[in-house]
Amino acid sequence: MSRPPFVLDLAQASIVTPIDGSADSCATQIAHALQTQYDLALPIVRGGQPIKTQHAIALGCLANNPFIEQLYLRWQTLVDRWYPGDGGYILQAVARAHSITGSALLLGGSDTRGVAAATAAFLPI
């Protein structure tokens, strides 16, 4: 069985944040960087709200972002309060994350320090 290709058109992406607001500043940093460097205006959507774009950049983990929770329940990610641990982070590409063609980029962390580290690793885009 072949793997689906990973395609993420940032012009068709939303930034999906945790419901508790813990990564709002990271989402704002990402949106500002993409606007400044690529003239892209990505919407910021609170997890659990409908995503109106094909792709997503999701911040957080299983415990605080319903978008990531759905990926976790489908075995598409392992990011939760335990993994990657205190201050740790992951950058993970997920094909077919929320539709047959929609992909996601996870900037995952078990806590706010981890999400901030994931954001810092992603921002030199």
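This report describes the sheet, the packed helices and the cysteines of a predicted model.

## Basis

Residues are numbered from 1 along each chain as its sequence is written. In this predicted model, local features need pLDDT of at least 70, side-chain atom pairs count only at pLDDT 80 or more, and totals for chains, interfaces and linings use all residues; side-chain values use heavy atoms, without hydrogens and water.

## The sheet

Helices (H or I, at least four residues) and strands (E, at least two) are DSSP runs, numbered from the N terminus. Two strands pair if DSSP finds at least two bridges between them. Here, five strands form an open sheet with mixed pairing. Their order is β2-β1-β3-β5-β4. The edges are β2 (44-46) and β4 (89-94). Each has a single partner strand, so one side of each is left without a neighbour in the sheet. Neighbouring strands are turned by 20 degrees against each other on average, direction ignored.

Look next at β3 (residues 55-60) and β5 (residues 104-109). They pair in the parallel sense over five bridges. Leu-59 stands opposite Leu-107 in β5.

## Helices on the sheet

Contact means heavy atoms within 4.5 Å. Axes are lines fitted to C-alpha atoms, for helices over the stretch in contact, and angles run from 0 to 180 degrees between N-to-C directions. Helix α1 (residues 24-38) packs on the sheet and touches β1 (13-17), β2, β3 and β5. Its direction makes about 160 degrees with that of β1. Helix α3 (residues 112-122) also packs on the sheet, touching β3, β4 and β5. The direction of α3 makes about 135 degrees with that of β5.

## Where α1 meets α3

The axes of α1 and α3 come within 10 Å and cross at roughly 10 degrees. That makes α1 roughly parallel to α3, a term for angles under 35 degrees. From α1, the contact uses Cys-26, Gln-29 and Ile-30. From α3, it uses Val-115, Ala-116, Thr-119 and Phe-122.

Five of these contact residues are nonpolar, two are polar and none is charged. Ala, Val, Leu, Ile, Met, Phe, Trp, Tyr, Cys and Pro count as nonpolar, Asp, Glu, Lys and Arg as charged, and the others, Gly among them, as polar.

## The cysteines

A disulfide is a pair of cysteine sulfur atoms within 2.5 Å. By this rule the model has zero disulfides. For Cys-26, the nearest cysteine sulfur is that of Cys-61, 13 Å away.

Cys-26 is buried, with a relative accessible area of 6%. Cys-61 is buried too, at 0%. Buried means under 20% relative accessible area, exposed over 50%, and partly exposed in between (1.4 Å probe, protein chains only).

Methods:
Parallel < 35°, antiparallel > 145°, perpendicular 65-115°, else oblique.
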